[in-house]
Amino acid sequence: MCRNYTPDGRRNLCGKKIAKLRRQRTPPLSQRMLAVQLQLRGIDLDKNAIHRIENGKRFVRDMELKVFAEILHTTLTDLMQDDSQ
């Protein structure tokens, strides 16, 4: 049986990394401004959806992941890597 959750119960692997990269920007990128950037690229997410993704409470679609990587100037592989190890 396939589990759609990480061992710690998160619904995505990239939320923590998205939050980290968003905050590391100069100046830091707010969740609201990240949502605006996504919307300008055709991904209809709002601030609340960004919050749920970063907290692991929402799945991330492949097209969303691709645009997150573009906005945050990183790769898909980097978004999927676990920095806690």
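The UniProt record, an unreviewed entry, carries the annotation "domain: HTH cro/C1-type" for residues 17-79; such annotations may be inferred rather than shown by experiment, and their positions are given here in the numbering used for this model, with feature names shortened. Residues are numbered from 1 along each chain as its sequence is written, and the model is predicted, so local features need pLDDT of at least 70, side-chain atom pairs count only at pLDDT 80 or more, and totals for chains, interfaces and linings use all residues. Side-chain values use heavy atoms, with hydrogens and water left out.

Let's look at that annotated span. Residues 17-79 are 63% helix and 0% strand, and their end C-alpha atoms lie 6 Å apart. Helices (H or I, at least four residues) and strands (E, at least two) are DSSP runs, numbered from the N terminus.

Now turn to helix 1. Its buried residues include Lys17, Ile18, Ala19 and Leu21, where buried means under 20% relative accessible area, exposed over 50%, and partly exposed in between (1.4 Å probe, protein chains only). Among the elements that cover the buried residues of helix 1 are helix 2 (31-40), helix 3, helix 4 and helix 5 (76-80), with contact meaning heavy atoms within 4.5 Å.

Next come the aromatic rings. Rings of Phe, Tyr and Trp (its six-membered ring) pair if their centres lie within 6.5 Å; planes under 30 degrees apart count as stacked, over 60 as edge-to-face and the rest as tilted. By this rule there is 1 aromatic pair. The ring centres of Tyr5 and Phe59 are 6.3 Å apart and the planes meet at 45°, so this pair is tilted. Tyr5 sits in the segment before helix 1 (15-24) and Phe59 in the loop between helix 3 (47-54) and helix 4 (62-71), so the pair links distant parts of the chain, 54 residues apart. Tyr5 is partly exposed at 43% relative accessibility, and Phe59 is partly exposed too, at 38%.

Finally, visit two loops. Which peptide bond is cis? The bond from Thr26 to Pro27 is, with omega near -5°, and Pro27 belongs to the loop between helix 1 and helix 2. In the loop between helix 4 and helix 5 you will find His73. Its phi is near 55°, a positive value in a residue other than glycine. Because its relative accessibility is 65%, His73 counts as exposed.
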